[in-house]
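Trainee: Could you take me closely through the surroundings of the ligand, and then through the sheet and the loops beyond them?

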Amino acid sequence: MWCSRTALGRLRRIAPCTVTGFHRAMSTLPKVYVTRKVPPDGLDILRKSGQVQFEMWDSDEPVPRLELLKKVKGCDGILCVLTEKIDAQLLEAAGPNLKVVSTMSVGFDHLSLDELKKRGIRVGYTPDVLTDCVAELTVALLLATSRRLIEATHEAKTGGWGTWRTLWLCGHELANSTVGILGLGRIGVAIAERLKPFKVKKFIYTDVAPRPELANMIEAEYVSFDELAKQSDFLAVCCALTQETHGICNWNLFSKMKKNAIFINTSRGGVVNQEDLYEALSTGLIAGAGLDVTTPEPLPTHHPLFTLKNCVILPHIASASYTTRNAMSALAANNLLAGLRGEPMPKELKL
Ligand SMILES: O=C(O)[C@H](O)CO
């Protein structure tokens, strides 16, 4: 069911296009496959553009791989989300018409960039529009973890709340602390800006190289990876998942961290060695961890990390506000349309 603007634009659920004349008129428009039900702002942009005929997997669940491989055949563009692996197999299935892949995410570890580059396919992604939302959630997760909020509500609800006790449910505070950022980018800066009013003493960061322009905005000091581990009372992981960062948060890092340290990850699960993290948390090597991302996702409910009181796990919701998800879908749609017109995309990933 291939659709474009006009009458079909009004339909929330995309209906089969059965009008013959309409089919003829559409046949010259570029074909786009949208791999998930995207928020309304992005969908409206596609519908109203009159520039593409598109089909959407109209569900909150991921499109089955075989269906995806079938649907992308002959497409000029794909608008995807982070659960779809855009790899050689998929690009082969799509065929030579494919010009643009637009992902509704800032992360791009689900895209085989080499394969895309080899085929001259342009890639759009959605940085910036989610920065505030992700930073806000990171702060919430940090506080929930360090002040043991999940444990505390559980105790209150289940009868564990006895008399007021001097050290019961004590946690760690931000005032006078050192906050470390692993991978300083827009999101790391936004997190630091939000944490500063909590009277953080010092911000430190590490990255492949110093990033003075960003660091100056939050007066953060560049340190080595080891120093980041040693000095941080709170460590926020903000780096992209790449070959270089895969599993970078492992025993080597945790074993150098302070006993009172809180580890927070809102980037990608793949940067963490979860067995090592479990060991560090269960033996009291570090005080706690807050994870918005895991490997795999969803993390199976029987996973050992779920048994730990000092590990707060969220189901990858850092960018989950209505405003942000709509902004992401709108940007993804605009990237796609600009790419198909052969124009610069609002946010294009340089391959
Ligand atoms: O990569 C992204 O955009 C985020 O992880 C989704 O919130």
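Mentor: Let us begin at the ligand, where one of its oxygen atoms is 2.5 Å from an N or O atom in the side chain of Ser 319, a polar contact being a pair of N or O atoms within 3.5 Å, where within protein one must be able to donate a hydrogen and the other to accept it, and residues adjacent in sequence count only if both atoms are side-chain atoms. Taken alone, the ligand exposes 230 Å², of which the protein buries 92%, with accessible areas taken from the Shrake-Rupley method with a 1.4 Å probe and, for residues, only the protein chains shown counting as cover. This is a predicted model, in which local features need pLDDT of at least 70 and side-chain atom pairs count only at pLDDT 80 or more, while totals for chains, interfaces and linings use all residues. Residues are numbered from 1 along each chain as its sequence is written, and side-chain values use heavy atoms, with hydrogens and water left out.

A polar side-chain atom of His 316 lies 2.8 Å from an oxygen atom of the ligand, and a polar backbone atom of Val 106 is 2.7 Å from a ligand oxygen atom. The residues around the ligand, each with a heavy atom within 4 Å of it, also include Leu 82, Ser 105, Gly 107, Leu 130, Arg 268 and Met 328.

Turning to the sheet, six strands form an open arrangement in the order S2-S1-S3-S4-S5-S13, with mixed pairing; helices (H or I, at least four residues) and strands (E, at least two) are DSSP runs numbered from the N terminus, and two strands pair if DSSP finds at least two bridges between them. Its edges are strand S2 (53–56) and strand S13 (348–349), each of which pairs on one side only. Strand S5 (residues 122–124) runs antiparallel to S13 and is joined to it by two bridges, with Glu 348 in S13 as the bridge partner of Gly 124. Helix H13 (residues 322–340) packs on this sheet, touching S1, S3, strand S4 (100–103) and S5, where contact means heavy atoms within 4.5 Å. The direction of H13 makes about 170 degrees with that of S4, axes being lines fitted to C-alpha atoms, for helices over the stretch in contact, with angles from 0 to 180 degrees between N-to-C directions.

Finally, the loop between strand S11 (288–291) and strand S12 (311–313) holds Pro 296, and the peptide bond from Thr 295 to Pro 296 is cis, with omega near -5 degrees. Pro 298 lies in the loop between S11 and S12, and the peptide bond from Glu 297 to Pro 298 is cis, with omega near -5 degrees.
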